[in-house]
Amino acid sequence: MSPWRAWVLVTKSETHKRRKVIDYYQTVNRFTILEAYPLPRIAHQINQFAQHQYFSTLDLTSTYCQIPLAIEDRQFTAFEADGNLYQYCRLPFGVTNGVSAFQPIMGGITEHHKLKRTFAFLDNITVGGSSQQEHDGNPSAFLEVAKNLHLTVNESIISVTEVNELDYSVSLKS
C-alpha cells in the first residue's frame, strides 16, 4: 500500500539490452527537496591517486541498491507493473537524492574504518600505495569491510601501475 505510484518504462541500451527504468519524475522527485551533498572534486581525487605507484580499482555492484531503505521511506519508491504495486526495500536508481544519500555513506565507510589510501567516488573505489608492500593490504582491507557490511563488489583490478579512473589515466612515470 502506498499513496505514491511511479510508472515503469523499458528502455534499450546501445547494445539493445532491455532494462527497467522507474520514472519518479512525476511522483516523489517532483516533491523532494534537493539535498546538495557535494561529490568529491575530481581534480582532488586525481591528485590523490597520482601520489601512488600501485593501484587497485573496485566497482560496487548495483551501486545504490546496496543501501537499505527505512521501512517508512519505502512507500515513496512505489511503482506499478502489470497491475501490481511494488516498493523497493533498498535505495533505487532514479530518486532525486540517490547520489546525496550514497556518497556520504561511502565516505563514512572509508573514514570510520580508517581505510588508508582508499578513495570513493560513488561506486568507484580506487586504492593506492607508494610501494607494492604498502599497497597490498589496502584493497584487502576495503574488501573485508565491504564483506562485513554486506556490500558486493562487481569487478576488481588489483595491483596495477596505471589506472583509468574518472576519465583520467593515472600512473607515476619515472
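The model is predicted. The chain has 174 residues, 35% of which are buried, and its secondary structure comprises four helices and ten strands.

**Overall architecture**

- Read from the N terminus, the order of elements in the protein chain is β-β-α-α-β-β-β-α-β-β-α-β-β-β.
- Along the principal axes, the C-alpha atoms of the chain occupy a box of roughly 60 × 35 × 25 Å.
- Of the contacts between residues at least 6 apart in sequence, 67% link residues at least 24 apart.

**Nonpolar core**

- The largest nonpolar core contains 33 residues, and Tyr 24, Phe 49, Phe 102, Met 106, Ile 125 and Phe 142 have the most contacts inside it.
- Two or more residues of this core come from each of helix H2 (42–49), helix H3 (98–112) and helix H4 (132–148), as well as from strand S3 (54–60), strand S6 (118–121) and strand S7 (124–129).

**Surroundings of Ile 125**

- Leaving aside residues up to four places away in sequence, Ile 125 is in contact with Ser 56, Thr 57, Leu 58, Met 106, Thr 118, Phe 119, Ala 120 and Phe 142.
- Two of these partners, Met 106 and Phe 142, are also listed with Ile 125 among the residues that have the most contacts inside the core.

Definitions and conventions. Residues are numbered from 1 along each chain as its sequence is written. This is a predicted model: local features need pLDDT of at least 70, side-chain atom pairs count only at pLDDT 80 or more; totals for chains, interfaces and linings use all residues. Side-chain values use heavy atoms; hydrogens and water are left out. Buried means under 20% relative accessible area, exposed over 50%, partly exposed in between (1.4 Å probe, protein chains only). Contact means heavy atoms within 4.5 Å. A nonpolar core is a set of buried Ala, Val, Leu, Ile, Met, Phe, Trp, Tyr and Cys residues joined through side-chain atoms within 4.5 Å.
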